Amino acid sequence: MKLTIIGTGYVGLVTGACFAEVGHHVVCVDNDPAKVKLLQDGGIPIYEPGLEELVTRNVQAGRLRFTVSTTEGVEKSDVIFIAVPTPPQADGSVDLSFIEKVAREIAAAMTSYKIVVDKSTVPVKTGDQVAETIKRYCKTKVEFDVVSNPEFLREGFAVEDLMKPDRIVVGVRTQRPVAAMKQLYAPFNAPIVVTDINSAELIKHASNSFLALKISYINAIAVLCEATGANVQEVAAGMGMDERIGRRFLNAGLGFGGSCFPKDLSAFVKIAEQTGYDFRLLKEVQRINADQMDRFLKKITETMWVLKDKKLGVLGLAFKQNTDDVRSSPAIDLCQRLLKEGATLRVHDPKGMDKARAVLPNVTYVDDMNAVAEGCDALVVATEWDEFKKLDLDRARQSLTHPILFDGRNLFDAAEMEAAGWIYKSIGR
Ligand code: UDX
């Protein structure tokens, strides 16, 4: 099939590449000429495992190309995906201006029946607005259908999540686009849930909020574990063996960050408020998440007492492992708060250092994780990169003035660390 994806961010670019990989012909549109040029020249603007190979292979096969022209994309395709940002506004609500603008552009370029699919995370009832906008701005009377098809990919695992999805959600107003949507997704062999548009839009916000709730829940349990001498990882393992609960998203730590959970939670609270419902449960999820960082900082200051003039080594800047994304990263927040306390920082992240430089200028970036501890008073783990587990702990101990490690992601075995002479503080253990 012939598709156009408007927006080449994490969702748009990976979706485009994966659709091309299964044989569809894909045009990716972006209004940033520099980004389009980079992609046309074989560059990839984000780090995502497996993405570069996928893009290169499909560009070479003639199934994937990039343009700045929405008109060209609309003319050449049967199905048009909207995958543009829906950033938060100051009051927590969602800025839908990019969606609205793209809807107008699509309308202006339509000359035959099109299926317009929204992939961006949007408040419930946005599909209705998109349909109204297209109808209003269409130059000629052209038939179209609006579909809601939320994306559930995780950064760092985006290709894997897209190629092997748990489910595909397709929200429709009429049955007409259903066959085409099923044909489009047939190569992915995943269950397809066909529903009305409002339900599809709610599924996305409800899912993300539930996952965030799971994380805050285990972080609250971690507080109880610390107060009682229990071990949160053992509690999570025991809980997770109940299939109704599941072990995933029960890792206690510094809390959740990234470009989705914090923004989507605020948006969902706001959406509920607009319907007259006070979603206090989700407000508590947000509060627990914020507390988690305060509690970790308190752990650091309780041990180190005064942070002014102390040098700390920080491992991790990205909001989670396998990504270079530092947007709303708990690790960056932590660094900024440590700097505010007067500490100086030596930092390392396997992929996130380039993007971190813009938001964290006054620190020393260290290329080798094993060199971070040099001359420091303590080491801090802020992101759950697997490779940090291979840190040369003997070298780190010798480099530090005192063997102190604050592990915000529970990467190391507490008993082993203590047996090796470390002052080791982690979460919920
Ligand atoms: C999330 C959703 O998982 C995805 O379905 C949706 O499409 C977009 O939002 P993403 O933001 O890429 O994906 O990251 P995710 O892997 O969900 O992690 C989010 C945050 O939660 C990270 O900061 C991570 O460190 C934290 N986290 C995750 C925990 O603290 N504990 C966990 O057990 C899992």
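**Cavities and ligand shell of the predicted model**

The second largest cavity holds about 30 Å³ of space, where a cavity is a set of points on a 1 Å grid over the protein atoms alone at which a 1.4 Å probe fits but cannot get out, and a volume is the space filled by probe spheres set on the points, joined across faces, edges and corners. The model is predicted: local features need pLDDT of at least 70, side-chain atom pairs count only at pLDDT 80 or more, and totals for chains, interfaces and linings use all residues. Residues are numbered from 1 along each chain as its sequence is written, and side-chain values use heavy atoms, with hydrogens and water left out.

Lining residues have an atom within 4 Å of a point; for the second largest cavity they are Ala222, Val223, Glu226, Gln292, Arg295, Phe296, Lys299 and Ile427. The largest cavity has a volume of about 40 Å³, and its lining includes Asp118, Ser148 and Lys204.

Around the ligand stand 20 residues, of which Phe152, Leu153, Glu155, Lys320 and Glu384 come nearest; a residue is near if one of its heavy atoms lies within 4 Å. Both domain 1 (2–190) and domain 2 (211–425) give residues to this shell, so the ligand lies between them; the domain bounds come from an automatic or database domain assignment.

Polar contacts are pairs of N or O atoms within 3.5 Å. An oxygen atom of the ligand lies 3.0 Å from a backbone N or O atom of Gly257, and a polar side-chain atom of Arg409 is 3.4 Å from an oxygen atom of the ligand.

Conventions. Polar contact = N/O pair within 3.5 Å; in protein donor to acceptor, adjacent residues only side chain to side chain. 1 Å grid on protein atoms, 1.4 Å probe; cavity = no way out; pocket = protein on both sides within 12 Å on 5 of 7 lines; lining within 4 Å.
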